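Dear colleague,

Please find below the structure that I am handing over to you. My notes on it follow directly after.

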Amino acid sequence: MARGRFVPDFDVDCGDTALSLVRHDIVIGRWQGPRELLRATGEDWGARGHRIRLLAQDCAGSSTVETWLAAEPHSADALVLRAATETTRAFNLAIAAGRGVPIDRNRVDSAVLACLTAADAYPEDPTPWISLISVARLYPSGVRRRELARWWDELHRRDPYSMEGHLQVLHYYSARWHGTHGLMYDFARDAAGVAPPGCPLPVLVQYARVEEYRYALDVARGRTAVGLAQHWSNDGAVGDVRRTWDRWIMGRTSDEIAPAELRDLNHLTHAACSAGAADLAAPLLRLLGRRATRTPWSYTGDPVQQIQRWRKEWEVRA
């Protein structure tokens, strides 16, 4: 690669250096690091959810959270992390088994129980309810509408603008899981409509467009997917990008992008680039800088090549 060429940084922790250090602790089975990190995070629910989600990915392949609970069986933070870890393990097993293979109902039930236990242990925390809504997707027919609504109410009462919580409901309502494109878009637009200025919830519409695209690719199964030529650049898609820009980016009071928001910013930037909205894409690429997430870029090609191409096309300098 030519010297000086722009290269995005796909840091899985999204620039959260404290989280990166603690994840190394998990590799060696040290549970004190996660304990101190979650204690320091406090009730910053966005940062807490981001950190727990990524910690759970590492804990899923180790016994660190179980060791922590053996030492501190009544630790609310440990119970919340175990719930997220059990959720991750259930998804990992489902992915490993492959599409069409029956999911281990006992494993899903165990994750649900862990989530409910964590919710009792830390009543103020929305994170166990996020895990609960997430794992509900793994039931072959989903969960009863009344049950999902109750879980959503519990989450919404604790953190009404939880991006991760809304995202898990959006996934549940998607056609790839237990809903339809229409239901998914309705949920995303309803959430965007009530979000206060500067809140990232409007980008749910861009997440929905990615979900629709992935569904079309799944149905095509390697063939050319019909109707995707204008998927990112039709009038509706472009209008959605502009509304998200107005409601989220223009409503912000700071240019600082928190680690928990980086994935959201990548979705909006990808959508603006794919829509050909240069007046929005260029400033978004500048705001993104070198910090990037592989998704959603990986769904439409090589992430590095796409980001480099769009930066070059709109003369965005490093």
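Helices H7 and H9 are roughly parallel to each other, a class that takes in angles under 35 degrees, whereas angles over 145 count as roughly antiparallel, 65 to 115 as roughly perpendicular and the rest as oblique. The axes of H7 (residues 127–136) and H9 (residues 163–173) cross at roughly 15° and come within 9 Å. Axes here are lines fitted to C-alpha atoms, for helices over the stretch in contact, with angles from 0 to 180 degrees between N-to-C directions. Helices themselves are DSSP runs (H or I, at least four residues), numbered from the N terminus.

This is a predicted model, in which local features need pLDDT of at least 70 and side-chain atom pairs count only at pLDDT 80 or more, while totals for chains, interfaces and linings use all residues. Residues are numbered from 1 along each chain as its sequence is written, and side-chain values use heavy atoms, with hydrogens and water left out.

The crossing of H7 and H9 is left-handed, in the sense that the near helix is turned anticlockwise from the far one by less than a right angle. On the H7 side, the contact (heavy atoms within 4.5 Å) is made by Ile130, Ile133, Ser134 and Ala136, and on the H9 side by Glu164, Gly165, Gln168, Val169 and Tyr172. By class, five of these residues are nonpolar, three polar and one charged. In this scheme Ala, Val, Leu, Ile, Met, Phe, Trp, Tyr, Cys and Pro are nonpolar, Asp, Glu, Lys and Arg are charged, and the others, Gly among them, are polar.

H9 is mostly covered, with 10 of its 11 residues buried; buried means under 20% relative accessible area, exposed over 50%, and partly exposed in between (1.4 Å probe, protein chains only). The buried residues of H9 pack against H3 (45–59), H7, H8 (145–158), H10 (181–194), H11 (204–220) and H13.

H12 contributes Val241, Arg242, Trp245 and Ile249 to the contact, and H14 contributes Asp279, Leu280, Pro283, Leu284 and Leu287. This contact has seven nonpolar and two charged residues, and no polar ones.

Arginine 252 is found in the loop between H12 (235–249) and H13 (262–275). With a relative accessible area of 17%, arginine 252 is buried. Its contacts, leaving aside neighbours within four places in sequence, are Gly198, Ile257 and Glu261.

Alanine 111, in helix H6 (residues 105–121), is buried, with a relative accessible area of 0%. Beyond the residues up to four places away in sequence, alanine 111 touches Glu86, Thr87 and Val135. Alanine 111 and serine 131 are 20 residues apart in sequence, and their C-alpha atoms are 8.7 Å apart in space.

Finally, the cysteines. Taking a disulfide as a pair of cysteine sulfur atoms within 2.5 Å, the count comes to zero. For cysteine 14, the nearest cysteine sulfur is that of cysteine 59, 18 Å away; cysteine 14 is buried, at 7% relative accessibility. For cysteine 199, the nearest cysteine sulfur is that of cysteine 14, 18 Å away; cysteine 199 is buried, at 8% relative accessibility.

With kind regards

How values were computed
Helices (H or I, at least four residues) and strands (E, at least two) are DSSP runs, numbered from the N terminus.
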